[in-house]
Amino acid sequence: MSTETVAIVDGYSSGNFLPAAFARLGVEVVAVTSTEEPMPSMLAPDLSAYSAHLVCADRDDYERTVKTLRDLRPLAVIAGQEPGVLLADALSKELGLPTTNGTRLSLARRDKYEMIEALRRAGVPCTAQFKSSSPDAVVAWAERAGGAYPVVVKPLASTAADGVEICRTPDEVRKAAETILAAETVFGEPNREVLIQSYLPGAEYVVDMVSCRGRRYTCGVWRYQKRLLGTHNIYDRE
């Protein structure tokens, strides 16, 4: 009987726990990485825990990766960390796997503006927001349409508190926008636009869920406590 296989895309940071979890189930794992070299800002995948390693950094790599995975017939292709979400969605759809999220809403799983707009389209009350590559436009929105200060300024596709600032004046908004546009995300991606949102006060919760074959499973509920240091809302406790 052949060993079952799962492909993990960009198993950085906490993704390093996945190979051992699959090993306990008797499942081999194949590493797929979306860049030629490891991303320096996160703990890199331990490639010794994988049965194979496929680099998928361009279109030619993509075609080779699809062919190799077809031959391996994996049970699933999953993202090990946020940078792998779009590629994992594309590969799982290409391979026709039942675990696929599909690609129609892939961007909403990485782009914070699209995340909120997906909620709005579904009728869920959510924050007012605007995105732009122009600091002037971001400041104008804060003054005109964002309601009362403070407002939140952040990158579109980073993680945790990277680049997130709570701003109370137009000058703070402009400085935050300029800083974001001059920087990369923690994943080494350029920030081409800035997201600004109305500030929602209160406790922050995260609900971790997994969906499979039409059923949803709650894995964890987290409450975050943060401390405001200047314009930065820093994680204190979880």
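User: How do the residues of the lining of the second largest pocket divide into nonpolar, polar and charged?

Analyst: Ala, Val, Leu, Ile, Met, Phe, Trp, Tyr, Cys and Pro count as nonpolar, Asp, Glu, Lys and Arg as charged, and the others, Gly among them, as polar. Here the lining has 12 nonpolar, four polar and seven charged residues. The model is predicted, so local features need pLDDT of at least 70 and side-chain atom pairs count only at pLDDT 80 or more, while totals for chains, interfaces and linings use all residues. Residues are numbered from 1 along each chain as its sequence is written, and side-chain values use heavy atoms, with hydrogens and water left out.

User: What volume does the second largest pocket have, and which residues are the closest to its centre?

Analyst: On a 1 Å grid over the protein atoms alone, a pocket is an open set of points with protein on both sides within 12 Å along at least five of seven lines, a 1.4 Å probe that fits but cannot get out marks a cavity instead, and lining residues have an atom within 4 Å of a point. Points are joined across faces, edges and corners, and the volume is the space filled by probe spheres set on them. For the second largest pocket that volume is about 550 Å³. Of its 23 lining residues, Pro-83, Leu-86, Arg-110, Ala-157 and Glu-189 are the closest to the centre. Two elements, helix H2 (59-72) and helix H3 (85-94), each give two or more residues to the lining.

User: Which residues of H3 are buried, and what covers them?

Analyst: Helices (H or I, at least four residues) and strands (E, at least two) are DSSP runs, numbered from the N terminus. Buried means under 20% relative accessible area, exposed over 50%, partly exposed in between (1.4 Å probe, protein chains only). In H3 the buried residues are Val-85, Leu-87, Ala-88, Asp-89, Leu-91 and Ser-92. Their cover includes strand E1 (5-9), strand E2 (28-33), H2 and strand E4 (76-79). After H3 comes Gly-96, with a positive phi near 65 degrees.

User: Is Ala-90 buried, exposed or partly exposed, and what is Ala-90 in contact with?

Analyst: Ala-90 lies in helix H3 and is partly exposed, its relative accessible area being 22%. Contact means heavy atoms within 4.5 Å. Leaving aside neighbours within four places in sequence, Ala-90 is in contact with Tyr-62 and Thr-103. Met-39 is 51 residues from Ala-90 in sequence, and the C-alpha atoms of the two are 21 Å apart.

User: What order do the strands have in the open sheet of three strands?

Analyst: Two strands pair if DSSP finds at least two bridges between them. The order is E9-E10-E11, with antiparallel pairing. E9 and E11 stand at the edges with a single partner strand each, so one side of each is left without a neighbour in the sheet. Axes are lines fitted to C-alpha atoms, for helices over the stretch in contact, and angles run from 0 to 180 degrees between N-to-C directions. From one strand to the next, the twist in this sheet averages 45 degrees.

User: How many bridges join E9 to E10, and how many join E10 to E11?

Analyst: Nine bridges join E9 (residues 204-212) to E10 (residues 215-229); Ser-211 has Arg-216 in E10 as its bridge partner. These two strands form a hairpin with two residues between them, and Arg-213 in the turn has a positive phi of about 50 degrees. Five bridges join E10 to E11 (residues 232-237). The bridge partners in E11 include Arg-237 for Gln-225 and Ile-234 for Arg-227. E10 and E11 also form a hairpin with two residues between them, where Gly-230 in the turn has a positive phi of about 65 degrees.

User: What order does the open sheet of four strands have, and which helix packs on the sheet?

Analyst: The order is E5-E8-E6-E7, with antiparallel pairing. Its edge strands, E5 (129-132) and E7 (165-167), each pair on one side only. The twist averages 25 degrees from one strand to the next. E5 pairs with E8 (residues 194-198) over four bridges in the antiparallel sense, and Ser-132 has Val-194 in E8 as its bridge partner. Helix H6 (residues 170-181) packs on the sheet and touches E6 (151-155), E7 and E8; the direction of H6 makes about 10 degrees with that of E6.
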